[in-house]
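Try each task before you read its solution.

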Amino acid sequence: MQLHISPSLRHVTVLPGKGVREFIKVKVASRKVSYRMLFYSLLFFTFLLRFVFVLSTVDSIDGDHPKCSTIGCLGKRIGPRILGRRNIESNVPDVIYQILDEPVSRDEVKGKTDIPQTLEEFMAEIKESRSDAKAFALRLREMVVLLEQRTRTAKIQEYLYRHVASSSIPKQLHCLALKLANEHSNNAAARLQLPSPELVPALVDNSYFHFVLASDNVLAASVVAKSLVKNALRPQKFVLHIITDRKTYSPMQAWFSLHPLAPAIIEVKALHQFDWLAKGKVPVLEAMEKDQRVRAQFRGGSSAIVANNTEKPQVIAAKLQALSPKYNSLMNHIRIHLPELFPSLNKIVFLDDDIVIQTDLSPLWDIDMKGKVNGAVETCRGEDKFVMSKRFKSYLNFSHPLIANNFDPKECAWAYGMNIFDLEAWRKTNISLTYYHWLEENLKSDLSLWQLGTLPPGLIAFHGHVHVIDPFWHMLGLGYQENTTLADAETAGVIHFNGRAKPWLDIAFPQLRPLWAKYINFSDKFIKGCHIRAY
């Protein structure tokens with residue numbers, strides 16, 4: 001199409017196309033019509049004709065192809081309205097949506113044996129029956145409901161098996177504790193005072209590097225202790241205080257009496273041997289007793305949790321995890337009493353028993369805490385988005401007004417497992433009282449403020465008292481996801497097998513277990529006698 005306008009704007013000629021002789025010649029009156037208005041009107045209609053032509057052409061070229069071009073899709077959507085055509089594609093989705101939006105009944109597919117089990121079976125049946133849209137949607141709905149129910153059942157079974165595997169004591173560890181307890185009663189060398197009398201003054205000497213480990217697992221404690229001392233540049237300045245319970249004291253003392261880590265100094269002490277715990281009421285013990293009673297009434301056993309047909313598998317998994325003995329263990333809560341348990345010490349590093357130390361930890365004493373109490377690694381920043389994406393909303397229930405009115409859900413969380421505690425600064429705060437207060441509030445609210453462990457009340461109690469340290473000192477997540485490679489884990493100062501897949505369990509990730517197992521002497525008579533292997 002060509003447009004010719006005379007210099008005087010009195011004649012406008014429109015030619016249909018090149019080579020076409022016919023034309024339209026318009027003579028414009030000079031007085032009644034504005035030349036400029038006519039000019040712009042012709043330009044507008046020329047553009048409109050071209051636009052409609054393009055929409056119609058591309059619409060025809062694209063046809064029913066699902067991946068139409070941008071202009072073609074625009075033609076399909078706008079073209080019918082401009083050209084007066086009816087959109088015939090709107091009825092089919094409405095029928096399907098209507099069927100799929102209907103409420104799902106648990107008994108909807110009960111007793112039906114002809115439901116397709118795979119996508120191939122479903123497509124073969126639909127092609128053979130040549131069903132309409134409604135029949136297609138009904139059959140699809142039945143198939144999805146059936147597979148959804150089976151998936152839910154399988155997930156719940158997996159969570160239950162993992163709960164049992166992670167909560168039970170492996171027979172090898174039970175064997176080790178029994179053999180060591182027997183050795184403790186029959187062998188004087190297994191009942192040595194730890195440390196020896198001449199080294200006792202070092203237990204309260206602040207010129208040493210003091211570490212605290214609370215554990216009732218002899219094998220796990222041995223790995224932590226050995227990895228700590230083996231990687232120390234000045235092991236003669238290291239003091240490791242091992243706190244355990246009454247039943248594990250004899251096996252723990254026997255192990256470290258028969259497996260000394262000189263020149264490091266090892267102290268093994270049971271909770272009942274601390275004067276502070278024997279003086280009177282201990283708030284954390286009272287809170288634990290109440291917590292156990294409430295959990296027994298509120299949660300029920302694992303069978304009752306699994307039998308719930310209305311809750312999502314993830315919620316059931318969280319409730320099962322809440323039943324884990326470690327969450328009701330005094331070993332987990334004892335860290336809140338560190339200033340009272342070690343009244344003569346100014347600074348300590350607290351270690352969990354599911355970690356492995358891979359570097360010298362004495363530089364932790366050179367970190368300026370800037371008046372803060374707790375030196376910890378943040379868990380909201382890092383390359384691993386699965387592990388390092390934890391904020392307060394990950395642990396606290398912000399649908400409860402008591403939490404929502406006092407804390408920021410986006411605030412970065414931090415991790416227990418390897419923490420520097422400035423006990424001098426701690427004693428000047430009300431951290432412990434805050435901890436007890438929120439434990440009571442959680443009990444009053446039927447455990448609705450949070451569900452699991454000691455970290456949620458720890459986040460609250462230490463709020464405003466945390467100094468962030470370099471992530472090198474604490475790599476997390478080796479016990480609940482296997483994305484961490486062996487090479488990456490070897491670059492960290494401390495690795496933490498937090499999660500269910502502890503390295504001493506059969507469900508541990510095999511590619512990461514060697515980092516822990518290399519600190520065990522599998523030729524030791526107690527290890528061999530209990531058939532503890534590297535796997």
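This is a predicted model: local features need pLDDT of at least 70, side-chain atom pairs count only at pLDDT 80 or more; totals for chains, interfaces and linings use all residues.

**Exercise 1: The whole chain**

*Solution.* Next, look at burial: of the 535 residues in the chain, 45% are buried. Then take the secondary structure, which comes to 21 helices and 12 strands. Finally, consider contacts between residues at least 6 apart in sequence: 71% of them join residues at least 24 apart.

**Exercise 2: Helix 7 against helix 8**

Describe how helix 7 and helix 8 are arranged, and list the residues that meet.

Step 1. Locate helix 7 at residues 218-230 and helix 8 at residues 246-258. Their axes come within 10 Å and cross at roughly 40°.

Step 2. Classify the angle. Roughly parallel would need an angle under 35 degrees, and roughly perpendicular starts at 65. Helix 7 and helix 8 are therefore oblique to each other. The crossing of helix 7 past helix 8 is right-handed.

Step 3. Collect the residues. Helix 7 brings Val 218, Ala 221, Ser 222 and Ala 225, which meet Thr 248, Pro 251, Met 252, Trp 255 and Phe 256 of helix 8. Sorted by class, this contact has seven nonpolar residues, two polar and no charged.

**Exercise 3: Helix 6 against helix 8**

At what angle do helix 6 and helix 8 pack, and how far apart are their axes?

*Solution.* Step 1. Helix 6 spans residues 171-186, and its axis lies 8 Å from that of helix 8, at an angle of about 75°.

Step 1. The range from 65 to 115 degrees counts as roughly perpendicular, so helix 6 is roughly perpendicular to helix 8.

Step 2. On the helix 6 side, the contact holds Leu 176, Ala 177, Leu 180, Ala 181, Glu 183 and His 184. Facing them in helix 8 are Ser 250, Pro 251, Gln 253, Ala 254, Trp 255 and Leu 258. By class, the residues of this contact are eight nonpolar, three polar and one charged.

**Exercise 4: Two cis peptide bonds**

*Solution.* Step 1. Leu 194 is joined to Pro 195, with omega about 0°. Pro 195 sits in the loop between helix 6 and strand 4 (209-214).

Step 1. Ala 262 is linked to Pro 263 by a cis bond whose omega is near 10°. Pro 263 belongs to the loop between helix 8 and strand 6, and Ala 262 is also found in the loop between helix 8 and strand 6 (265-270).

Step 2. Check the surroundings of Ala 262. Its relative accessibility is 66%, so Ala 262 counts as exposed. Its C-alpha atom is separated by 7.5 Å from that of Gln 236, 26 residues apart along the chain.

**Exercise 5: Positive phi**

Is Lys 370, with its positive phi, buried or exposed?

*Solution.* Step 1. Phi of Lys 370 is near 55°, and the residue lies in the loop between strand 8 (355-357) and strand 9 (374-376).

Step 1. Exposed means over 50% relative accessible area. At 61%, Lys 370 therefore counts as exposed.

Step 2. Now try His 531, in the segment after helix 21 (525-529). Phi of His 531 is near 60°, and its 49% relative accessibility makes His 531 partly exposed.

Terms used: Residues are numbered from 1 along each chain as its sequence is written. Side-chain values use heavy atoms; hydrogens and water are left out. Helices (H or I, at least four residues) and strands (E, at least two) are DSSP runs, numbered from the N terminus. Buried means under 20% relative accessible area, exposed over 50%, partly exposed in between (1.4 Å probe, protein chains only). Contact means heavy atoms within 4.5 Å. Axes are lines fitted to C-alpha atoms, for helices over the stretch in contact, and angles run from 0 to 180 degrees between N-to-C directions. Angles under 35 degrees count as roughly parallel, over 145 as roughly antiparallel, 65 to 115 as roughly perpendicular and the rest as oblique. A crossing is left-handed if the near helix is turned anticlockwise from the far one by less than a right angle, and right-handed if clockwise. Ala, Val, Leu, Ile, Met, Phe, Trp, Tyr, Cys and Pro count as nonpolar, Asp, Glu, Lys and Arg as charged, and the others, Gly among them, as polar.
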